[in-house]
Structures are given as structure tokens and as C-alpha cells.
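Here is a short briefing to read alongside the model. Please keep the sequence and the 3D view open as you go.

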Amino acid sequence: GSVLDLGVPSDATVSTAKIVDGAVTYAKASGFGKVLQVVQTTTTSDLSNNTTSYVASGFTAALTPSATSSKILIQLSGGSMDYDAAALTVFCALYTDTGGGGYSFQAHTQTRQGSGFGMPNCQNLLLSPNTTSAVTVQPYVKSSTTNRAYINRNSALLTLTLTEIGG
């Protein structure tokens with residue numbers, strides 16, 4: 001046998017079924033699963049509330065996805081969850097605002113504070129916003145009582161990181 005040279009195929013004529021396994025390396029793959037951008041903000045401010053309703057913390061980070069298929073990994077970490085008086089539960093919720101349309105609830109954690117002070121925050125959420133408009137993330141805080149609950153206190157470093165992942 002001789003090999004028959006058919007030349008270069010025209011655009012869009014090679015389907016994925018015709019590509020040999022292992023022929024396309026990760027380095028040649030486009031965008032999906034890759035980190036496209038990272039935004040990180042920090043604060044050492046006290047962030048608190050003394051009501052049983054969620055209140056905006058004023059601590060925000062914003063990211064504008066480069067494609068509608070992108071996902072955003074939201075990470076809230078560090079800081080010092082605490083309380084002023086009698087034992088209570090501290091609630092910390094992640095809210096998002098897409099394109100200035102108003103904040104909406106995404107997820108929350110709750111920590112019972114009673115014998116220990118200064119528990120760190122740790123929340124991770126993978127968001128699929130399906131937009132190329134700015135997505136702003138803000139933690140909200142509430143208390144289980146009318147005593148003050150903190151999601152950050154005593155100059156602790158609280159970090160909010162947004163990572164765009166190509167879809």
C-alpha cells in the first residue's frame with residue numbers, strides 16, 4: 001500500500017467522530033475550564049447586624065464575565081464571625097446583583113456562637129450567571145436574636161474572591 005493524499009479538508013468538514021483519540025491536546029483546547037480572570041477584595045472592617053433580617057454588609061466585589069457560558073467561583077474566606085452578648089447564631093448569606101437589577105439570595109452559612117469567638121468564614125459557590133453584564137457579590141448578615149452578630153470583627157482580614165471559569 002500506497003497512501004492516498006486527499007489534501008486539506010474544507011472548513012467544518014471534520015467532525016469530532018473523525019478525530020483520533022488523543023489527537024487534540026489540552027494546550028490546543030479553547031477556553032473551557034480555564035481561569036479567565038480573578039477579582040479579589042479584602043476588608044478589616046466590622047460587618048454586623050442586630051436584627052433577624054438579612055442586611056447588606058457593604059463589602060462587595062464585581063466581575064464582568066467574558067462569555068455567557070462562563071461560571072463564577074465565589075469564595076468568601078477568613079475574617080472573624082462573632083457576637084456581642086448572649087449566644088446566638090450568625091448567618092452569612094451571599095447575594096448577587098447582575099447588571100444593576102438588584103440583589104438576590106444565592107446561599108448562606110450559619111454558625112452557632114456561644115463558647116468560642118472568632119470563627120472564620122468559609123463559603124464557596126459556583127454561579128452560572130448566563131450573562132456578560134457585571135455580576136456584583138455582597139455578603140449579607142443577620143442574627144438569630146436582636147443581639148449583634150458579626151461576619152467580621154476586630155480587624156480580622158475577610159477576603160472575597162471571584163474567579164471566572166471558561167465554559
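Setting aside neighbours within four places in sequence, threonine 89 is in contact (heavy atoms within 4.5 Å) with Gln110, Thr111, Arg112, Lys142, Ser143 and Ser144. This is a predicted model, in which local features need pLDDT of at least 70 and side-chain atom pairs count only at pLDDT 80 or more, while totals for chains, interfaces and linings use all residues. Residues are numbered from 1 along each chain as its sequence is written, and side-chain values use heavy atoms, with hydrogens and water left out.

**Threonine 89**
- Threonine 89 sits in strand β6; strands (E, at least two residues) are DSSP runs numbered from the N terminus.
- Threonine 89 has a relative accessible area of 14%, so this residue counts as buried (under 20% relative accessible area, 1.4 Å probe, protein chains only).

**The largest nonpolar core**
- A nonpolar core is a set of buried Ala, Val, Leu, Ile, Met, Phe, Trp, Tyr and Cys residues joined through side-chain atoms within 4.5 Å.
- The largest one holds 23 residues, of which Ile72, Ile74, Leu76, Leu160 and Leu162 touch the most other members.
- Elements giving two or more residues to this core include β6 (88-98), β8 (119-127) and β9 (135-143), and β5 gives the most, with five residues.
- Beyond four places in sequence, isoleucine 74 is in contact with residues including Leu94, Leu125, Val137 and Leu160.

**Cysteines**
- Cysteine 92 is buried at 0% relative accessibility, whereas cysteine 122 is exposed (over 50%) at 59%.
- The count of disulfides (pairs of cysteine sulfur atoms within 2.5 Å) is zero.

Definitions and conventions
Helices (H or I, at least four residues) and strands (E, at least two) are DSSP runs, numbered from the N terminus.
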